[in-house]
Amino acid sequence: MSRIELRNLRKDWATAAAVADVNLTIEDGAFVAVLGPSGCGKTTTLLMLAGIYNPTTGDIAFDGARVNDVEARDRNVGIVCQSYALYPNMSVLENIMFPLRFKKVERAESKRRAREIAALVRIDALLDRRPSQLSGGQQQRVALARALVKRPHLLLLDEPLSNLDAALRLTMRTEIRRIQRELGVTTVLVTHDQIEATTMADRIIVMNAGRVEQEGTAKDLYERPRTLFVASFIGSPPINLLDGEAEDGLVKVHQTTIAVAAPARGAVVLGIRPEQLHVDETGTPARVVAVEPMGREVLYTTDSALGIVRFIEAGSEAHHREGDSVALRFSPEDAVLFDKTSGLRIDARIAA
Amino acid sequence: MATVTFEKPLSPARPDWQALAARAGLRRSAGQAALLAFLLLVSVPIILPYFWMLMISLTARTGGVSTDVLWTACAVIVPAVLIYSIVHSLVPSPRLRLVTGLLLLAIACTLLVALIGDRLHFDNYRFLWRTNIVEEIRSKATAGGQFPSVWIAFRNSLVLAVSQTVIIITVASLAGYYISRFAFRGREAFLQGLLVLHAFPAMTLIIPIFLILYWVGLLDTIAGVMLVLATIELPFYVFVMKGFFDAVPWDIEMSAMTDGATRRQAFRLVVLPQVSVGLIAVAVFAFIRAWEEYIFVRTFLIENKNWVMSLYLFWVADDVMGVDYGIVAAVSVFYVLPSLLLYVFCQKYLTQMTIGGIKG
C-alpha cells in the first residue's frame, strides 16, 4: 500500500510523445481510474508505473522514494491485463502461487496464501483447473488473485472488464471494488469506458493525446468539465455542444441569442446535457426528428432554434412523436461555455 | 405500380422435409465415400513401395525376387481394406465398425498365413547379429575391407541425429525468441538473410566445406558432419521458432515480469512451455533430417567405423544388389523404422509446425 506520485512524466516513442507533462498524486489506498480514448497514453502510463517501460523524463515515486530505476520485478506491483495473461501451462493454483516463487516463500506457506486469496476472489473451487477450462469471468478472478497474492504496493488494472459480457461486467465491477476495499490496496484502473471509471474509482483522471485533461471525482467531471474534450467524453448520451459566437455578454447560437455574464469573445461552444433540457411552453421552439426509447428514458433528437439538440425524458412522461413541435428550456446555471480555440471552459454562469 | 406474381412457386408451400433430410444424409455419406476412395487411391503409390520393401525383406532369398508374394498379399489386403472402408462409410455404429474391422483382420491374417505363410522367414535380418554378411554372400566387400556391425552405424546415426537435434533446438529457440521480441539494428536484413540462406542450395558448397573440414581436422568425424548439417539447417528452424514465439502474447511475459520473474525466468517458466509444440516439431524434423542425411555424410565420412545408417545401406546395396535383394530390403526396413515410429507418435505436433511457420 503506497502513495504514488508522478512528476512531469514523459514518454517519447521514435515518432511522437506518448505521454507528456503528467503530474499526479495517488493517495495511499485510493482507487483511481485513468480514462481516455484508445491511444491517449493511458496504458503507456500504466506500464511505466509497472516498470515495463522507462519514462523518457520525469519521476515516479512510491511513498516519496524515486523508483524509476527499480526493475519491474522488484516494484511489488500487481497487474491484471485485458487478456488476463494467465499462464496456460499451469493450474489455477500454480498461477496464483507464481509470484510467490520469487519471494522465497515456503511452498506450504505460499499454498496457504494462494488459497486465502482465492477464497477472497471466490475461485477456491477451481484451483485444480487449467485456465483454458475457465469462463471469462473466472479467468478474470484468477488474474486478480495472482496480482494480489503478493500483497502489492500498487494494483494495476488494464481494461480488466472489456472482454466480459455485459452482465458479468456489472458483477465484476462490484467485486473488484469490494476486494479493493477489503485489502485497501492502492489501485489504478485504466479504461476507455466511462461507466467503469465512474462506478469503480474514487477519482478519475481523464487523458487525451498523452496529456491529463482533468482530474477529479465523477461529479466534478460531469458537472464542471475543465475542457471541451472532457465535456464531450463524459456522459451518455453525450452532451449537446452548440457552436456560437460571443460578443458583449451575448452568445448567438444558431437562431437564438443568450445573455451571458462572462467576458467571452469570439468563437465559443455552449454545452447542455440532454437531461438538463426540459419541455416548457416558454422555451426555444423545436421539432422532434427522432425518438429513441432507451428503457427507463426516451432520447429525442430535435431540430431547434439552438441547432440539432438532444434531450431526455423519463419513459413514463414521454409521449412525443416524430414531427411533433415542442419548446425546450434549460436553467442557465446548468449550461457550460467553452472557448472554441483553447477548448477551455469559460468559468462563468450564463445570465439568462 | 406493377405487381409481381410468380406463375409457379419456386418451392412448394409444404416441402417434404423428411425427403430433403434423407437426401442431405445421402449426399453427406456419398461425399465421405468419395473422399475415402480418393485418399485410398493417392496413398497407393506411397504405401505400395514400402509394403513391397517389407514383403521382400520377409520373403526373398539369395537370387532374384519374385513378385507373386507381393501380389498374393495385395490380393488379400486390398479387398479387406476396401470392404472395411465401405462398411465404415455405411455403418454408423462404432461398435459394429470395430467388430467388422476385427473380423476382416482375422480373415486377412488367416488367408495370408495360408497362402504365403510358408515363405516368410527372418533370414534377411541376420545382419543384425552377424557382421560379415557381405562376404558370406559374395566373397569380398568392396567398402574398405571388412563390413562393420550394423550397430556401429546405428550408434553413429543416433549420435549424429541426437546431437543435431540438441544443437538445433537450443540455438533455434534462443535465436527465434530474440528475433521475435527484440528490436535491433539490421533485424529485417537478418530475417531476409535467414530466408536466403534457407533457399540457398547448400549442395553447391560441398567442395569448399570438404576443404574447410580437412583443414580444421574435422574431416571423417561425426562432429564435423554435425556442425555442417546444423549450420545448413538452422536458418529454417530459427524462422519456424520465431513464428511460434510471435504467437505467444507479450502480455504474458509482462505479467511474469511484474510477478517478480527475471526476463530469463519468464522465458523459461512461461514462454517456453507455450511453444512446446513447436519445439517438439522442430526436434522431430531435425532428428529425422539428420537420420536420413546422405550426401554430406557420404562426402565427409570415409572410414567404415564412422559409417552412419545411410552409408551402411548404401554399401550393402552397392555390394549385394542384384544378388540378394532380401538383405538390402531388410536393412532398409531397419533404417526406416526409427523415422517411422517418430512420425507416428509425433504426427499431431508435426502438422502444427506449418501453422507456426506460416505465422512467422
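The contact takes 17 residues from chain A and 14 residues from chain B. Two residues count as touching if their C-beta atoms, placed from the backbone, lie within 7 Å.

This is a predicted model: local features need pLDDT of at least 70, side-chain atom pairs count only at pLDDT 80 or more, and totals for chains, interfaces and linings use all residues. Residues are numbered from 1 along each chain as its sequence is written, while chains are lettered from A and ligands numbered from 1 in the order in which they are written.

Q: Which elements of chain A each supply at least two residues of the side that touches chain B?
A: Helices (H or I, at least four residues) and strands (E, at least two) are DSSP runs, numbered from the N terminus. Here they are β6 (77–80) and α2 (92–101).

Q: What classes make up the side of chain A that touches chain B?
A: Ala, Val, Leu, Ile, Met, Phe, Trp, Tyr, Cys and Pro count as nonpolar; Asp, Glu, Lys and Arg as charged; the others, Gly among them, as polar. That side has 12 nonpolar, 2 polar and 3 charged residues.

Q: In what order do the 4 strands of the open sheet run?
A: Strands of a sheet pair through backbone hydrogen bonds, either parallel or antiparallel. Pairing requires at least two DSSP bridges between two strands. In chain A the order is β17-β16-β15-β18, with antiparallel pairing. The edge strands, β17 (307–314) and β18 (325–330), each pair on one side only.

Q: How many bridges join β15 to β18 in chain A?
A: 7 bridges join β15 (residues 277–293) to β18. A:Val279 stands opposite A:Leu328 in β18.
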